[in-house]
Amino acid sequence: MASTFAALHHPDAGAPLLLPNAWDHASAAALAGQGFAAIGTTSLGVAAAAGLPDGSAATRDATLALALALGQGPFLLSVDAEGGFSDDPAEVAGTARELAAVGAVGINLEDGRPDGTLAPAELHAAKIGAVKAAVPGLFVNARTDTHWLDDGDGDGDGRGFALGRETIRRLDAYQLAGADGVFVPGLSDPARIAGLVEAVDVPLNILYSPQGPPLPALAELGVRRVSLGSLLYRRALGTALETAALIRAGLPVEGPAPTYDEVQALVRPGGPDRPGATPSEGASW
């Protein structure tokens with residue numbers, strides 16, 4: 001399974017892996033029903049659903065519980081583990097073991113901190129190395145938040161690309177530590193994306209932005225993985241708020257919504273059935 005997930009980052013046709021991010025069982029099951037072979041989790045969605053802050057290492061238990069619920073689904077699961085929920089590489093490796101044990105084939109580790117700073121590159125590289133030593137087959141997507149936290153991208157890196165030197169320094173360190181892919185959220189300039197594709201030796205992951213290049217353009221630039229991050233969760237929340245506001249204003253509500261029975265059909269096998277449910281309303285997994 002892990003090798004299959006890694007292979008999705010090297011498609012023969014050149015199309016990048018489009019990775020939607022779920023925040024609970026229903027969202028993951030619904031995405032799987034739309035034919036997505038691989039699904040990630042979103043740390044913001046998991047944290048917000050639990051009433052916890054994102055990026056502060058507060059959601060380790062919630063993340064593991066979600067991975068347990070999703071790990072045996074009919075899709076490949078990659079888990080957003082923030083910074084590994086610890087600054088101890090051994091503890092991060094332990095978390096990675098637990099995720100792999102319940103069926104996760106990938107992990108996303110970020111170097112951004114909730115106070116707006118970056119973790120030392122050497123520390124983040126040590127976490128990556130510890131995870132690869134503990135679970136060699138787990139696909140480690142190493143994320144740097146330099147573009148979100150402003151690393152001075154206009155300085156260049158001496159290779160002819162208009163790239164931030166700190167971004168390149170960190171990605172080089174993470175690759176040397178064993179990262180299987182690298183992730184630079186917040187990067188949307190086509191020239192810089194193309195430069196990073198050339199500068200790294202592993203698949204480059206870009207966070208999709210409605211204001212950035214569309215998927216076909218990212219494919220042409222050589223991007224190998226496009227994540228949706230918290231976008232689906234935020235749009236779902238936005239749609240809920242819009243719907244409630246329309247109803248309060250006495251206006252019609254338009255747009256698709258799953259029926260009660262369609263949502264019921266997303267439950268796991270063996271889960272509790274509602275009274276009166278028929279076999280045709282059973283779970284898909």
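A residue is called buried when its relative accessible area is under 20%, exposed when that area is over 50%, and partly exposed in between, with a 1.4 Å probe and protein chains only. The model shown here is predicted, so local features need pLDDT of at least 70 and side-chain atom pairs count only at pLDDT 80 or more, while totals for chains, interfaces and linings use all residues. Residues are numbered from 1 along each chain as its sequence is written, and side-chain values use heavy atoms, with hydrogens and water left out.

Phenylalanine 139 has a relative accessible area of 5% and is therefore buried, and phenylalanine 5, at 0%, counts as buried as well.

Across the whole structure, a search finds two aromatic pairs; rings of Phe, Tyr and Trp (its six-membered ring) pair if their centres lie within 6.5 Å, and planes under 30 degrees apart count as stacked, over 60 as edge-to-face and the rest as tilted. The rings of phenylalanine 5 and phenylalanine 139 have centres 5.4 Å apart and planes at 85°, which means that this pair is edge-to-face. Because phenylalanine 5 lies in helix H1 (residues 2-7) and phenylalanine 139 in strand E6 (residues 139-143), the pair ties together parts that are 134 residues apart in sequence; helices (H or I, at least four residues) and strands (E, at least two) are DSSP runs, numbered from the N terminus.

Tryptophan 23 and tyrosine 233 also form an edge-to-face pair, with 5.2 Å from centre to centre and 75° between the planes. Tyrosine 233 is buried at 14% relative accessibility.
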